Amino acid sequence: MPAPMKKRRTDRELVTLRLKVHPANVERIKRFVAAVEPAANGADGITADQFYAKHFTGQPEWAVALRGYRYREDLTQAQLAELTGIPQRHISEMENGKRPIGKERARKLAVVLNADYRLFL
């Protein structure tokens, strides 16, 4: 386990984001932002590890990374399967932490998802 490190300063300038969302999701997104970015409300921020532990318990980090990068590229599992040659059910199992990704598949995924393959290992 790595040694504890100093907390980063949270008084950095915040960036304003503009999003187009369905009206039914506005309140959910506001609550999510308040939970993720307490510094915007005058409180201390949280680390990425604290956020991960709170929201993704029980899932391996590589599984969450795969899903996140797929969403970032706006791809469905079926589209990702077609682009990589990996069966869609295997992608689903990898995203749910039930199937390890492996080095060769990580490289294929990284090319399509514009990411470093080591994030998936």
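Analyst: Buried means under 20% relative accessible area, exposed means over 50%, and partly exposed lies in between (1.4 Å probe, protein chains only). This is a predicted model, in which local features need pLDDT of at least 70 and side-chain atom pairs count only at pLDDT 80 or more, while totals for chains, interfaces and linings use all residues. Residues are numbered from 1 along each chain as its sequence is written, and side-chain values use heavy atoms, with hydrogens and water left out.

User: How many salt bridges does the structure hold?

Analyst: A salt bridge is a side-chain nitrogen of Lys or Arg within 4 Å of a carboxyl oxygen of Asp or Glu. One of them joins arginine 72 to glutamate 73, with the closest N and O atoms 3.1 Å apart. The number in the structure is six.

User: How many residues apart in sequence are the parts tied together by arginine 67 and glutamate 95?

Analyst: The side chains of arginine 67 and glutamate 95 form a salt bridge at 3.4 Å, N to O. Helices (H or I, at least four residues) are DSSP runs, numbered from the N terminus. Arginine 67 is in helix 3 (residues 61-72) and glutamate 95 in helix 5 (residues 88-95), so the parts tied together are apart in sequence by 28 residues.

User: Is glutamate 95 buried or exposed?

Analyst: Its partner arginine 67 is partly exposed, at 23% relative accessible area. Glutamate 95 has 0% relative accessibility and therefore counts as buried.

User: What is the relative accessibility of aspartate 116?

Analyst: Aspartate 116 meets arginine 118 in a salt bridge of 2.7 Å, N to O. Arginine 118 counts as exposed at 56%. Aspartate 116 counts as partly exposed, with a relative accessibility of 30%.

Key. Helices (H or I, at least four residues) and strands (E, at least two) are DSSP runs, numbered from the N terminus.
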